[in-house]
Every structure is written in structure tokens, then in C-alpha cells.
Amino acid sequence: MAACTWLTLALSALTLLPLFAVDLLPLLDAPQQLHLATVLGDWGENPLWPQAYVLVPGPVPTSWPYGLLTVLARLWGTEIAVRVAFGLALAALPWAALVLLRTVGHNRWLLLGIMPWCLNAEFFAGQLALCLSLPVFLVLLAAHLRWLRQPTWWRVWPVPVLLAVLALTHPVPFVVAVCLLPLL
């Protein structure tokens with residue numbers, strides 16, 4: 001394996017340390033994330049939830065992060081589900097950055113600059129949807145740049161698919177992508 005691949009593996013592993021080094025996650029919104037996963041997971045079983053909350057039919061801007069939390073909570077419980085979901089977001093960020101660096105042809109050692117971005121304020125605030133959207137955003141940029149260089153059907157289909165995933169992940173990176181992609 002190339003040194004860059006080993007570096008990406010090491011960075012992905014390092015991003016997981018804050019999630020599993022403590023007993024209680026010191027994330028600001030973690031209790032709300034846990035509660036929302038519980039409500040969504042127990043919707044049909046707890047008669048209190050339909051009285052207190054409204055279940056929106058259809059997709060909303062944060063559908064897939066909370067859908068992921070709900071599925072993971074059924075498998076391992078809500079607290080482990082939040083750790084695993086944040087772990088997916090943090091571990092995917094170095095890989096997404098590597099994809100973008102390879103696409104634009106920059107030095108792959110710039111990957112070291114992603115570490116401060118992995119453990120950002122949004123992570124410590126517990127913004128799961130935004131943390132999950134960052135890797136999708138970087139891969140979307142790479143896919144769009146590949147398509148611009150070689151406009152073929154095979155290269156264009158990831159762009160709308162990733163835009164749709166981004167729209168269901170978090171609205172802010174989606175709006176940034178919709179504004180940025182035409183400028184590229």
C-alpha cells in the first residue's frame with residue numbers, strides 16, 4: 001500500500017479516539033441526538049410519541065442521519081448508535097479529502113491538514129447531520145470536477161446522486177454546493 005493510504009488509515013483511526021476514549025460523550029447536542037433516535041426508533045411502540053410529536057411523512061433535510069441513528073439504535077442501543085454514526089462521519093472525512101486531493105492533482109500529504117477539520121466545533125457541538133455532510137460534500141466536489149474534465153454519462157450520474165444525499169443530510173452544505181458547483 002502507498003504511504004498515503006497508510007496515512008489515511010491512521011488519520012481515520014485517530015479521529016475515532018475522542019468517541020471511544022470517554023464513558024460519556026461531551027457533545028452539546030448528544031442528549032438531543034439520543035432522544036430523537038429513541039423517539040424515531042420507538043415510534044410505533046410508545047403511545048406517548050404520537051401525542052407529543054408529529055412524524056413528517058417523506059424526506060426532510062436531515063432524514064438520513066436520523067434514519068441511520070434509528071437503524072443503529074435498534075442494533076446496538078442509542079448511545080453506541082451515536083458513537084458509531086459520529087465515527088462514520090469522522091473516519092470518512094480523511095478518505096473524502098483524499099478523493100478530492102487525487103481529483104485535483106494536489107500533493108496527497110496535504111491530507112494532514114484535514115485533522116483539525118475532523119475534530120471541529122460542529123463535532124463537539126454534536127451536530128451529527130453536518131458532520132455526516134462534510135465527507136459527502138468533498139466527494140461531490142471531486143465527482144463534479146471529474147465530470148467537468150470528461151463530460152460523459154458515466155461521470156455525471158454521481159453528481160445528482162450525491163446532491164440528493166447531501167440534500168437529505170444537511171441543508172447548509174447542500175445550498176453551498178448548489179451555489180458553488182455552477183461556478184466551477
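The lining of the largest cavity in this predicted model consists of 7 nonpolar residues and 1 polar residue, with no charged ones. That cavity holds about 30 Å³ of space, and helix α5 gives the most to its lining. Helix α5 (residues 78-104) also packs against helix α8 (residues 128-149) and against helix α4 (residues 63-76). The largest pocket, with about 310 Å³ of space, takes the largest share of its lining from α2.

**Largest cavity**

- The structure holds 1 cavity of 30 Å³ or more.
- Its lining is made up of Ala89, Leu90, Leu93, Trp117, Cys118, Asn120, Cys131 and Leu134.
- At least two lining residues come from each of α5, α6 (115-118) and α8.
- The contribution of α5 is 3 residues.
- Asn120 is one of the lining residues, and it is the polar one in a lining that is otherwise nonpolar.

**Packing of α5 with α8**

- The axes of α5 and α8 are 8 Å apart, at an angle of about 20 degrees.
- The two helices are therefore roughly parallel to each other, since an angle under 35 degrees counts as such.
- Their crossing is left-handed.
- On the α5 side, the contact is made by Ala85, Phe86, Ala89, Ala92, Leu93, Ala96, Ala97, Val99, Leu100, Thr103 and Val104.
- On the α8 side, the contact is made by Leu128, Cys131, Leu132, Leu134, Pro135, Leu138, Val139, Leu141, Ala142, Leu145, Arg146 and Arg149.
- By class, this contact has 20 nonpolar residues, 1 polar residue and 2 charged residues.
- Ala89, Leu93, Cys131 and Leu134 take part in this contact and also line the largest cavity.

**Packing of α4 with α5**

- An angle of about 130 degrees separates the directions of α4 and α5, and their axes are 7 Å apart.
- That angle makes α4 oblique to α5.
- The crossing of this pair is right-handed.
- From α4, the residues in contact are Leu68, Leu69, Leu72, Ala73 and Trp76.
- From α5, they are Thr78, Ile80, Ala81, Val82, Val84, Ala85 and Leu88.
- This contact divides into 11 nonpolar residues and 1 polar residue, with no charged residues.
- Ala85 of α5 touches α4 and is also part of the contact with α8.

**Packing of α2 with α4**

- Helix α2 (30-41) packs with α4 at an angle of about 75 degrees, with the axes 9 Å apart.
- The two are therefore roughly perpendicular to each other, as angles from 65 to 115 degrees are counted that way.
- Gln33, Leu36, Ala37, Leu40 and Gly41 of α2 meet Tyr66, Leu69, Thr70 and Arg74 of α4.
- The contact has 5 nonpolar, 3 polar and 1 charged residues.
- Leu69 of α4 meets α2 and is also in the contact with α5.

**Largest pocket**

- About 310 Å³ of space lies in the largest pocket.
- The lining numbers 15 residues, and those nearest the centre of the pocket are Leu36, Leu40, Val54, Leu55 and Val56.
- Both α2 and α4 supply at least two residues of this lining.
- The share of α2 is 4 residues.
- The lining divides into 10 nonpolar and 5 polar residues, with no charged residues.
- Leu36 and Leu40, which lie nearest the pocket centre together with Val54, Leu55 and Val56, are also among the α2 residues that meet α4.

Note on methods. Residues are numbered from 1 along each chain as its sequence is written. This is a predicted model: local features need pLDDT of at least 70, side-chain atom pairs count only at pLDDT 80 or more; totals for chains, interfaces and linings use all residues. Side-chain values use heavy atoms; hydrogens and water are left out. Axes are lines fitted to C-alpha atoms, for helices over the stretch in contact, and angles run from 0 to 180 degrees between N-to-C directions. Angles under 35 degrees count as roughly parallel, over 145 as roughly antiparallel, 65 to 115 as roughly perpendicular and the rest as oblique. A crossing is left-handed if the near helix is turned anticlockwise from the far one by less than a right angle, and right-handed if clockwise. Contact means heavy atoms within 4.5 Å. On a 1 Å grid over the protein atoms alone, a cavity is a set of points where a 1.4 Å probe fits but cannot get out, and a pocket is an open set with protein on both sides within 12 Å along at least five of seven lines; lining residues have an atom within 4 Å of a point. Grid points are joined across faces, edges and corners, and a volume is the space filled by probe spheres set on the points.
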